[in-house]
Amino acid sequence: MWSRPTAKCGAGGACAEDEGARSIAQSGASHYSVSSIPPVTIPQAFELAFQYHLTGRQADAEVLYRQILAAEPRHDAALHLLGVLSHQMGRNDVAVELILQAIALAPRIQAYHSNLGEAYRAAGKLDEAIAAYRQAIALQPNLAETHSNLGNALNDKRQFDEAIAAYRQAIAFKPTYAEAHYNLGRILKDMGQLDEAIAAFRQAIVLNPNFAEARSNLVYTLNYHPGVEARAIAEELHRWNSQFAEPLRRFHRPHGNDRAPERRLRVGYVSPDFWRHVASHFLIPLLETHDHAGFEIYCYASVGHPDAITERLKNTADVWRDVLGLPDEALANLIRDDQIDILVDLSQHTANHRLLAFARKPAPVQVAWLGYPGSTGLETMDYRLTDALMEPEGSAWSESVETPVRLPDSWFCFDPISEYPEPGPLPALTAGQVTFGSFNNFCKINEAVVRLWVQVLQSVEGSRLLLQCPEGSTQARVRQWFETHGLARHRLEIVSRTATRAEFLQLFDRIDVALEPFPYNGGTTTCEGLWMGVPVPTFPGSTALSRLGLSILSAAGLGELIAEDPAEYVRLVANLATDLPRLAALRSTLRQRMKTSAFMDAPRFARNVEQAYRDMWRRWCAGQTTRLA
């Protein structure tokens, strides 16, 4: 969050920014001519540029800022706000340079240092960002916004306890600051403190009822909580839809798409995750094997930091649209102008979703897939891709607003997308003991999971658990969890998040069997474990998220790793862990078994998805409702 001026700005100086900042007297001596307007003073030109900036006319603001600086190079306020504008447009190295120039001219303006921190953080220079925020705090200690921004940088640096302290300090200075409560909720969720996270999100919503991101994060976090039922999540989704999506019905217009049922269809995929994100493991198999004779593929990408995977995905599209920073209304208009037939959301309520573009109904058929196996709650989302194992007929998730379309085989298809080392030898053969492990997103670990895992370890004499866990006080809390449920301290080893991907993959060489979390099963981590030769037994729960492991193992031809319930799960895992020849055989064959299974048959998966799209389209052409009975 950048620090915004709250008063008019003068020539050759800074804006009067927030309480306690330095104000600069206007100088009316210099005059300046902008080609499209009559001659004006520099203060007048600056005020116009700033208004352009605030109202989203970025190109016009940039032209004026640069022309002001051409006339008066030492105008620190123009340097600063041109830097802010550059940051907002993704040019963070330029932003840093400009704001540093402003600071050299006016070193004691708090907002300059705070916004320098924002630019450094966006550029990935976290130490510099933290130093800039701390300097801003030294200049003006009681600004809640700066403490919250500092917390964001500390969170990125994985200094989690310090980040939480910064957010709490922001709230102490300004208890009504909804954004600080929201940021606190995000980090508490990542730390596995789900009750506290949910409370923080709810408080952010109380303080700012129009805080759409807070409500989306609340919805998403509820999916991780073992005590929350599907009906409660559906009710929260209904509130989100009523408040944020329903008012956008005024933008709905009839679709003029050609209703020929068998013609080539335009399919649009909308995502912020067209980069080396976990979603790319499942996007690439579909996008690289689409039938372009029958389907014209559009991608609408909101990618902040494109990489090699972005380029690989870009090459799969017939049309690639970079829509980073494009407002939802403009995105919806672009999609409608492109005459997309089937529009696919790849995020649901995960970070940087574009559901409010879907709420404007820019395409006649709209589909949710991949973000996670759950509902969007969006009444303009017609369908949701799933499969019959994750979501059997009559399951709780069938109450969602979208019509579930059950794909054959599996909900998704896996591609490792990059080089992986060959699986190493079974660790237990040389260690003399079995090592279980879990490297899942830590918010999937809760006390119910710990209780069941302790039963597993107690059924395998001498076994140990290797657990990846966030740094700081969370590790002490997790140790206490396991000790409370009867596991001796020496049988638990906690490692922090690895710095590199190579280090992460090496962790699989240290474990014999991976343990499954619930109610939110492993996804990408399960796939990677299997690919590295580590079996990941599972048991199905009552929701799609708790049946994800069932779907993966079934499609991969690994039904022998599926238990019926928690009690059988403990027996199955114990029997597997004490049969070292069987474990060693699995380790040497799992990768090949995956390669030859439906779970990695990309053309087969693409044909299944395309058939689903075609069926949806035929229904629309026939004038049938998308709500299946």
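Which residue forms a salt bridge with R264? The partner is E296, and the closest N and O atoms of the two are 3.9 Å apart. This briefing concerns a predicted model, in which 36 salt bridges are found and 7 strands form an open sheet.

**The sheet**
- The strands follow the order β5-β4-β3-β6-β7-β8-β9, with parallel pairing.
- At the edges stand β5 (319-322) and β9 (403-407), each of which pairs on one side only.
- From one strand to the next, the twist averages 25°.
- Strands β6 (residues 342-345) and β7 (residues 365-368) run parallel and are joined by 4 bridges; D345 has A368 in β7 as its bridge partner.
- Helix α15 (residues 328-337) lies across β3, β4, β5 and β6, and runs at about 165° to β4.

- R264 is partly exposed at 38% relative accessibility, while E296 is buried at 16%.
- D338 and R321 also form a salt bridge, with their closest N and O atoms 2.7 Å apart.
- Because D338 lies in the loop between α15 and β6 and R321 in strand β5, this pair ties together parts 17 residues apart in sequence.
- D338 is buried, with a relative accessible area of 7%, whereas R321 is partly exposed at 27%.

**Other salt bridges**
- The side chains of D60 and R57 meet at 2.8 Å, N to O; D60 is partly exposed at 32% relative accessibility, and R57 is partly exposed at 41%.
- A network of salt bridges links R202, R215, E236 and R239.

Key
Residues numbered from 1 in each chain as written. Predicted model: local features only at pLDDT ≥ 70, side-chain atom pairs only at ≥ 80, totals over all residues. Heavy atoms only, no water. Pairing = 2+ DSSP bridges. Helix = DSSP H or I, 4+ residues; strand = E, 2+ residues; numbered from the N terminus. Axes fitted to C-alpha atoms, helices over the stretch in contact; angles between N-to-C directions. Contact = heavy atoms within 4.5 Å. Salt bridge = Lys/Arg side-chain N within 4 Å of Asp/Glu carboxyl O. Buried < 20%, exposed > 50% of the residue type's maximum accessible area, 1.4 Å probe, protein only.
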